[in-house]
Amino acid sequence: MDKNLKYTRNIGIMAHIDAGKTTTTERILFYTGRTHRMGEVHDGNAQMDWMIQEQERGITITSAATTTYWKYNAEDFKINIIDTPGHVDFTVEVERSLRVLDGAVAIFCGVGGVEPQSETVWRQANKYGVPRIAFVNKMDRAGADFLSVIHQIKDKLDAHPVPVQIPIGSEENFRGVVDLVRMKSVVYYNDDETGTRYAIEDVPFDLVEEAEEWRGKLVEAVAEVDDTLLERYIEDHESISAEEIMIALRKSAVAGSAVPVLCGAAFKNKGIQSLLDAIVAYLPSPIDKGSVKGVDPRNDNEVIREPDDEAPLAALAFKIATDPFVGRLVFLRIYSGILHAGDSMLNVRTGRRERITRLFRMHANKQNPIDSISAGDICAGVGFKELKTGDTLCAIHKPILLESMDFPEPVIGVAIEPKTQSDVDKLALALHKLAEEDPTFQVKIDPDSGQTIINGMGELHLEILIDRLRREFNVECNQGPPQVAYKEAITTSAEFREVFKKQTGGKGKFADITIELMPADNGLRGLQFMNEIKGGNIPKEFIPSIEKGFREAMSNGPLAGFPLESLKVILKDGSFHPVDSDALSFEIAAKQAFRRFAGKCHPVLLEPIMSTEVITPEEYVGDVISDFNRRRGRVEGMESKAGSRVVRAKVPLAEKFGYVTVLRTLTSGRATSTMEFSHYEEVPEEIANRIVEITKGKIL
């Protein structure tokens, strides 16, 4: 095993929009010597926000990767960083980054605390078991409250925050931090704008008692992994060294049982060096994360790969990007083995060989060519033919299939068409490239109108994609109004028989199936197919065709042609003809059965419901709530936060178009709102009937 791997950290920076992720990343690049000038998001010159749309809007849209180095305890550490977006429309970028990272820095605003998207990214990190440290940013802002954020992390995220620092001063008087591990204070000089000069001093007299109390809590928290520490702390707390606390805290953090919390003000360049030290000290290396598990596609046996250069190659393609100079870039996390430029390997999904002709170390959108990449590292490559996000690449004769990624379904669509007929082919090619990059972006042709419909995660998501079509691919588009991505579901079960016969002279077609259609089991999405045929009434080789027929038929529901969210099909019986029956006959029989009988199982229309949070001054709360009621919303709770009221509600997406403008009018521009997809829910019958009529063209 490569011993140098213990000096590698693969981390992501994640947070709610505007908590300061990109600013923090820019400071990290400056202090590690990766850049010699700090980029600012509000000036549009942040290194990691390299897309024109990011610079114009001051938001992160695509996750950017970079590699930098930091000296800690006289040793050099390599840190691969991915700066992820905070806006919920680009949640897929966070999802796929967390899938391949070993650790993450969760950034919280010292004023806003735990905000809606903070909860979403936290859940995503829980899903992939990613250890985290937390950084409470913007401690210099009016209303910043470190202890309040600690309580919110505990209560809202159900986490175990362990402060390793407490702030010295707050708001405009914030001037440094107390290091609870070493019991020293770090005070920044006011006359040094860059934050490179600071003094290590004793703990300020007025903070000694508070610091002692928090240090006691720190030792208690780490005592879970080291019982002797707590005993020694009770006997003589001064006998415990900083190194002992750090070793125990590292164990807790890597195991995910504790979240070390730091604080600072990234924009004012305070606290970033301590954050870098904490990344190295508390977040895991590829060795700490250990082996990766997968299955052998040849026999479904479990296979384990150690993070070792000598092991067979195993890598995951976690992102595809289009670059104007080198073409399609694939971002890879190497779990085991070494990948050399020009190597051939197996794409397990397609069963075909792929060749990566060139490898790059990425710095935002700049590529630095490299000859090879080792286990535990992250890189980008070009030259592949058929790679998709989530594909496993491995040694040709030692196949392994790694767990792929789940992506949320798009909830909003827009019809688009090129402004000139000559752009039709260009548009199709551009949409294909964008869909390859972004698994939450889907393109389909409406079978009735022939229109091209693009589907995404929100209005901003589609707006950015249409802007990219114009700027990157030179395709000007007309677009229709936003459409909600409705779905359908059946609510009752029934048994049916379908016989498909076709005689055309010579060999005919024949298939006979008896099936039961019913709603899927709770919580399951997609097709749930069960074969209950005993004996050989239908040969085994035809069963997958029946399943395929139903799966494809689900994309066109019986009510208004919207896809079915879920369906359970039980194959009860059937018969076949020894000459005329084939796989296609049974596939057609399944499709016909669905078209004829799904409408008899009381289908209903489902609509996406959005979790919405509005932060408003007290005097507008009544207006905000009554507006929610007008939009078929359900108010689920209210709380006070930093002098404002937070109203949480569930509102149908169909009622949310243009909401930001209405909210500004209602509250004189003083309220802010965020929303994210929650779940699908049945549409009230009266509204559903109207949607079905409109969709079927009865109302123009």
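This section describes the overall make-up of a predicted model and then a selection of its local features.

The protein contains 17 helices and 38 strands, and 55% of its 700 residues count as buried. Among the contacts in the protein with a separation of 6 or more, 71% are accounted for by residues 24 or more positions apart.

The structure holds 10 aromatic pairs, one of which is formed by Tyr-486 and Phe-562, whose ring centres are 5.5 Å apart and whose planes stand at 55 degrees, so that the pair is classed as tilted. Tyr-486 is located in the loop between strand 29 (483-484) and strand 30 (487-490), whereas Phe-562 is located in the loop between helix 13 (543-553) and strand 34 (566-575), and the pair therefore ties together parts that are 76 residues apart in sequence. With a relative accessible area of 12%, Tyr-486 is buried because the value falls under 20%, and Phe-562 likewise counts as buried, at 16% relative accessibility. Elsewhere, ring pairs join Tyr-7, Tyr-72 and Phe-77 into a cluster.

At least two residues of the lining are supplied by each of strand 26 (442-445), strand 27 (452-456), strand 29, strand 33 (526-531) and helix 17 (685-695).

Charged side chains are also found over aromatic rings. The charged end of Lys-217 is placed over the ring of Trp-214, at 4.2 Å from the ring centre, and the charged end of Lys-656 is placed over the ring of Tyr-659, at 3.8 Å from the ring centre.

Two strand residues were examined individually. Ser-336, which belongs to strand 15 (residues 327-336), is buried, with a relative accessible area of 0%. A polar atom of the Ser-336 side chain lies 2.6 Å from the backbone oxygen of Pro-312. When neighbours within four places in sequence are left aside, the residues in contact with Ser-336 are Arg-305, Glu-306, Asp-308, Ala-311, Pro-312, Leu-313, Ala-314 and Ala-375. Ile-615, in strand 35 (residues 603-616), counts as partly exposed, at 24% relative accessibility. The C-alpha atoms of Ile-615 and Ala-671 are 5.5 Å apart in space, although these residues are 56 residues apart in sequence. Residues up to four places away in sequence not being counted, Ile-615 touches Ser-644, Arg-645, Val-646, Arg-670, Ala-671 and Thr-672.

Backbone geometry was considered last. Most residues other than glycine have a negative phi. Ala-74, however, has a phi near 65 degrees, a positive value in a residue other than glycine; Ala-74 is situated in the loop between strand 2 (64-72) and strand 3 (75-83) and counts as exposed, at 69% relative accessibility. A positive phi, near 60 degrees, is also found for Lys-138, which is placed in the loop between strand 5 (132-137) and helix 5 (146-157).

Technical notes: Residues numbered from 1 in each chain as written. Predicted model: local features only at pLDDT ≥ 70, side-chain atom pairs only at ≥ 80, totals over all residues. Heavy atoms only, no water. Helix = DSSP H or I, 4+ residues; strand = E, 2+ residues; numbered from the N terminus. Buried < 20%, exposed > 50% of the residue type's maximum accessible area, 1.4 Å probe, protein only. Polar contact = N/O pair within 3.5 Å; in protein donor to acceptor, adjacent residues only side chain to side chain. Contact = heavy atoms within 4.5 Å. Phe/Tyr/Trp six-rings, centres within 6.5 Å; stacked < 30°, edge-to-face > 60°. Lys NZ or Arg CZ within 6 Å of the ring centre and 35° of its normal.
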